[in-house]
Amino acid sequence: MKNTLAIAQRELTTYFAAPLAYIIAAAFLGINGFLFGWAVLSSRQASMDFAFSDMGIILLLLMPALTMRLLADEQRTGTLELLLTAPVRDVEVVLGKYFGTFILFLAMLAPTLLYAYFLIAFGKPDVGPIVAGYLGIVLVGGAFTAIGLLTSSLTQNPVVAAVLGFALGLLLWLLDGLSQAVQTSAGSFFSYVAISPHLDNFTRGTIQTKDVVYFLTLIVAALFLTDRVLEYRRWR
């Protein structure tokens, strides 16, 4: 745990020392703020369900850029070999980098709580769907972080890692459309594997065990595969 925390702290320091994290955070908050304001003014409803749907799509676009350098840069500069030969386990490297980035994501998400504050202060929203929606977005952000970490472990080029992360995330997002076109048992499988139906349940204010288990399984699976990639690089 000590090594994991040290690596997470190192990642956070690296993020805040470079402009990329600030640019991504500004883009995330700026786009979200604009879409939230426009949706509230046009619908005149004290609700955030539309905002959470928008956040999911924005995270699909931005998280690959945030995670692309996590392991790809380490491989490109040769520091990954030094890290893997240090007295630290592969799983500690993976978890440290994951939690460092996930904490940054939570810091990016925190200012959006002002949306809920304004709705409660000037309207009468149902608080339940807001809480459920935020839980869904936290899980979606955690999933995209894990996917980005996995794709970053597969290449030395951060841009390639970002493209792979976006492609994989987009595939998981669009599988729901494929499930509607395939009216078989395979369609039900595609619908379950897709991210968007699970997020939609949260935005509607329902917290179901199957949706939480889905996201946690996706996160654990991506982190496990990342650990396997690092183990392969250690022993090849």
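**Exercises on an all-helix chain**

The accessible surface of the chain comes to about 11700 Å², and 71% of this area belongs to carbon and sulfur atoms. The model is a predicted one.

**Exercise 1.** Determine how many helices and strands the chain contains, and what share of its residues is buried.

*Solution.* Step 1: the chain has twelve helices and zero strands. Step 2: with buried taken as under 20% relative accessible area, 47% of the 236 residues qualify. Step 3: among contacts with a separation of 6 or more, 77% join residues 24 or more positions apart.

**Exercise 2.** State which residues have the most contacts inside the largest nonpolar core, and which residues Ile 195 touches.

*Solution.* Step 1: the largest nonpolar core comprises 58 residues. Step 2: those with the most contacts inside this core are Phe 28, Met 48, Leu 59, Ile 137, Phe 144, Ile 195 and Phe 215. Step 3: leaving aside residues up to four places away in sequence, Ile 195 touches Val 140, Phe 144, Leu 172, Trp 173, Tyr 214, Phe 215 and Leu 218. As a general background, nonpolar side chains in soluble globular proteins tend to be buried together.

**Exercise 3.** Explain why helix H11 is described as largely enclosed by the rest of the structure.

*Solution.* Step 1: H11 covers residues 195–203. Step 2: its buried residues are Ile 195, Ser 196, Pro 197, His 198, Leu 199, Asn 201, Phe 202 and Thr 203. Step 3: eight of the nine residues of H11 are therefore buried, so the helix is largely enclosed by the rest of the structure. Step 4: Gly 205 follows H11 and has a positive phi, near 95°.

**Exercise 4.** Characterise the lining of the largest pocket by helix and by residue class.

*Solution.* Step 1: the largest pocket holds about 190 Å³ of space. Step 2: helices H8 (127–152), H9 (158–181), H10 (185–193) and H12 (209–235) each contribute at least two lining residues. Step 3: H12 supplies the largest share, six residues. Step 4: eleven lining residues are nonpolar, one is polar and none is charged. Leu 172, Tyr 214 and Leu 218 are among the lining residues, and Ile 195 touches these three residues.

**Exercise 5.** Give the volume of the largest cavity and identify the helix that gives the most to its lining.

*Solution.* Step 1: the structure holds one cavity of 30 Å³ or more, and the largest cavity has a volume of about 40 Å³. Step 2: H3 (49–67), H8 and H9 each give two or more residues to its lining. Step 3: H3 gives the most, with four residues. Step 4: the lining divides into seven nonpolar, three polar and no charged residues. Leu 59 and Phe 144 are among the lining residues of this cavity, and both belong to the residues with the most contacts inside the largest nonpolar core.

How values were computed:
Residues numbered from 1 in each chain as written. Predicted model: local features only at pLDDT ≥ 70, side-chain atom pairs only at ≥ 80, totals over all residues. Heavy atoms only, no water. 1 Å grid on protein atoms, 1.4 Å probe; cavity = no way out; pocket = protein on both sides within 12 Å on 5 of 7 lines; lining within 4 Å. Points joined across faces, edges and corners; volume = space filled by probe spheres on them. Nonpolar A, V, L, I, M, F, W, Y, C, P; charged D, E, K, R; others polar. Core = buried A, V, L, I, M, F, W, Y, C linked by side-chain atoms within 4.5 Å. Buried < 20%, exposed > 50% of the residue type's maximum accessible area, 1.4 Å probe, protein only. Contact = heavy atoms within 4.5 Å. Areas by Shrake-Rupley, 256 points an atom, 1.4 Å probe, with all protein chains shown as cover.
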